[in-house]
Every structure is written in structure tokens, then in C-alpha cells.
Amino acid sequence: MSARRVLVVTVDTEEEGLWSGAFPPRGATCRNVTRLPRLHALFERYRVVPTYLVDYPVVADRSASAVLAGFADGGKSEIGAHLHPWCNPPLDGGGSYAHHYPPAVHEAKLRVLRDAIAERFGARPTSHRAGRWGFDHTTVPLLERVGIGVDSSVASLWWDVEPGGACFARAPLGPYRLDAADACRPGASDVIEVPLAGLGVGPLGRVGEALLRAGPARGLLRVGRALGFTTLRPELFPLERMRRLADAIA
């Protein structure tokens with residue numbers, strides 16, 4: 001009998017950044033979160049229980065966190081952790097990728113975020129996604145120690161083209177237990193990885209997948225996308241292409 005496919009809906013719920021190469025540690029607003037009720041009403045209409053992955057500025061903002069608290073009441077959503085290390089205490093100017101921080105500092109940031117979420121929403125988060133997909137095997141034992149059971153920082157067949165960005169070219173498509181030595185292979189960790197699905201669709205999709213699995217190279221992601229590589233990221237791909245991907249996965 002074939003395995004049943006499950007759609008998991010996550011929303012990166014974060015501050016309004018400059019998104020121009022600057023990552024301010026303080027002062028970013030969270031007015032965007034107050035627009036979420038319209039989206040959440042759609043989730044309720046279709047009986048979807050989303051996971052809102054929230055970062056520290058959102059938790060600290062009274063208006064933004066009040067919106068999310070309303071969603072969490074009665075099990076209408078899950079509140080998870082989304083670590084933006086540049087604006088999550090302790091602040092030390094270590095950059096925008098969490099996996100580049102010393103493990104002790106990275107863990108301290110995770111604990112601050114975990115405890116802030118628990119205090120504001122009444123329960124510790126058990127799910128996590130790294131901001132800017134800044135994730136590798138060094139994060140795995142940290143998640144175990146802070147009580148995170150599910151991660152979604154891996155994006156299958158994708159890598160960050162910015163210097164220092166993570167690479168997930170060899171990651172599986174489906175869920176797997178993380179390995180403390182390699183985040184792109186199954187292991188024996190207590191943390192389950194639910195990767196962002198990505199694969200090739202269309203007549204040349206398999207060719208695109210094969211190219212991307214070869215690993216990062218300049219311009220290769222652009223070629224892969226032209227050959228049909230698609231992920232369920234509405235900011236990158238049109239609806240029709242994501243529908244084709246969903247049909248291919250199912």
C-alpha cells in the first residue's frame with residue numbers, strides 16, 4: 001500500500017525587514033502580521049491547521065502577537081519558532097545565517113526564542129525553521145537540546161546562492177530523521193526533517209533534477225528552473241506551476 005501524502009502549511013511570520021542586504025538588529029515593525037486574519041479565515045474555511053513560524057520581533061510586538069494568540073486558541077493553528085539570528089537576543093552582530101554562529105551562541109538564541117514563545121502563547125514550540133534557510137548539521141544537536149522535534153529548514157534540491165548560504169542539493173524529498181553529521185541524509189536524530197518539497201515537473205523536469213543534484217554551480221539553479229524545477233514557494237513560482245508540482249508529488 002502506498003504512503004499517504006500530507007500537505008503541511010507553514011507561514012514564515014516575521015518582521016518587516018529591509019530585504020536589501022541589510023539586517024537591522026532593532027527597530028523593524030510587524031504591521032504585516034495584522035493582515036493575517038484574512039489568510040487565516042481561508043485556512044479555517046478549508047479546515048487547514050497552519051503552522052505559524054514566528055520570530056522574536058513578532059513575539060515581542062504586542063499587536064502582532066495578539067493576532068497570533070487568537071489563531072492559536074482552540075487548536076486552530078500551531079506556533080513554531082523561526083530564528084532570525086540578527087534580531088534575536090543575545091545580539092552580537094554575527095551575521096544573517098544561524099549556522100555560522102558558534103554553537104553556544106546559536107543555542108542561546110534558540111532558547112531565548114523558545115522561552116519567549118512559551119511565555120506569550122502558553123506552550124513551548126516543537127517545530128522550527130531557520131531564517132534564510134541558514135541550517136546545517138551543526139544545528140541538529142541544538143534543536144534536540146531545546147526540545148524541537150520537527151524542523152523544516154531543508155529545501156530539497158535547492159541552495160542559497162549568497163556566500164555562506166546552505167546547500168540542500170542532495171536532500172531527500174520526503175520526511176526523514178536528521179543526521180548530526182550531514183543534514184541532507186537520513187540519520188538517527190530525535191529531530192524529524194520535513195523538507196520543503198522541490199522537484200522537476202514537465203517533460204524536462206528529470207533533467208533539471210539531475211543537474212541540481214550535482215551540486216551548486218553558478219547559474220545552475222536558473223537552468224534547473226528553466227527545465228522545470230519547482231518548489232511550493234508562491235513568492236518564486238506561479239500558481240499553475242505549483243499545481244503541477246503538487247500533482248506530481250501526489
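Which side chain meets that of Arg31 in a salt bridge? I looked this up in the predicted model and found Glu16, at 4.0 Å from N to O. I noted that the pair links distant parts of the chain, with both residues in the loop between β1 and α1 (36–45) and 15 residues apart. Arg31 is exposed at 57% relative accessibility, whereas Glu16 is partly exposed at 29%.

I then turned to the other salt bridges; the structure holds 9. Arg111 and Glu107 meet at 2.9 Å, N to O. They lie 4 residues apart in helix α4 (residues 103–121), so about one helical turn separates them. I recorded Arg111 as partly exposed, at 29%, and Glu107 as buried, because its relative accessible area of 13% is under 20%.

I also examined Arg185 and Asp179, whose side chains form a salt bridge of 3.3 Å, N to O. Asp179 is buried at 15%, while Arg185 is partly exposed at 40%. Salt bridges with shared partners join Glu107, Arg111 and Arg145 into one network.

Next I traced the sheet. It is open, has 8 strands in the order β1-β2-β3-β4-β5-β8-β6-β7, and shows mixed pairing. Strands β1 (10–13) and β7 (182–186) are at the edges with a single partner each, so one side of each has no neighbour in the sheet. I found β6 (residues 176–179) antiparallel to β8 (residues 192–193), joined by 2 bridges, with Arg177 opposite Ile192. Helix α3 (residues 62–72) lies across β1, β2 and β3, at about 150° to β2.

Finally, I noted a nonpolar surface patch of Leu204, Val207, Leu211 and Val223, with about 290 Å² of accessible area together. Val207 belongs to helix α6 (residues 205–213) and is partly exposed at 42%.

Key: Residues are numbered from 1 along each chain as its sequence is written. This is a predicted model: local features need pLDDT of at least 70, side-chain atom pairs count only at pLDDT 80 or more; totals for chains, interfaces and linings use all residues. Side-chain values use heavy atoms; hydrogens and water are left out. Two strands pair if DSSP finds at least two bridges between them. Contact means heavy atoms within 4.5 Å. Axes are lines fitted to C-alpha atoms, for helices over the stretch in contact, and angles run from 0 to 180 degrees between N-to-C directions. Patches are made of residues with over 30% relative accessible area and no salt bridge: like charges are joined within 9 Å, nonpolar side chains (Val, Leu, Ile, Met, Phe, Trp, Tyr) within 5 Å. Accessible areas come from the Shrake-Rupley method with a 1.4 Å probe; for residues, only the protein chains shown count as cover. Buried means under 20% relative accessible area, exposed over 50%, partly exposed in between (1.4 Å probe, protein chains only).
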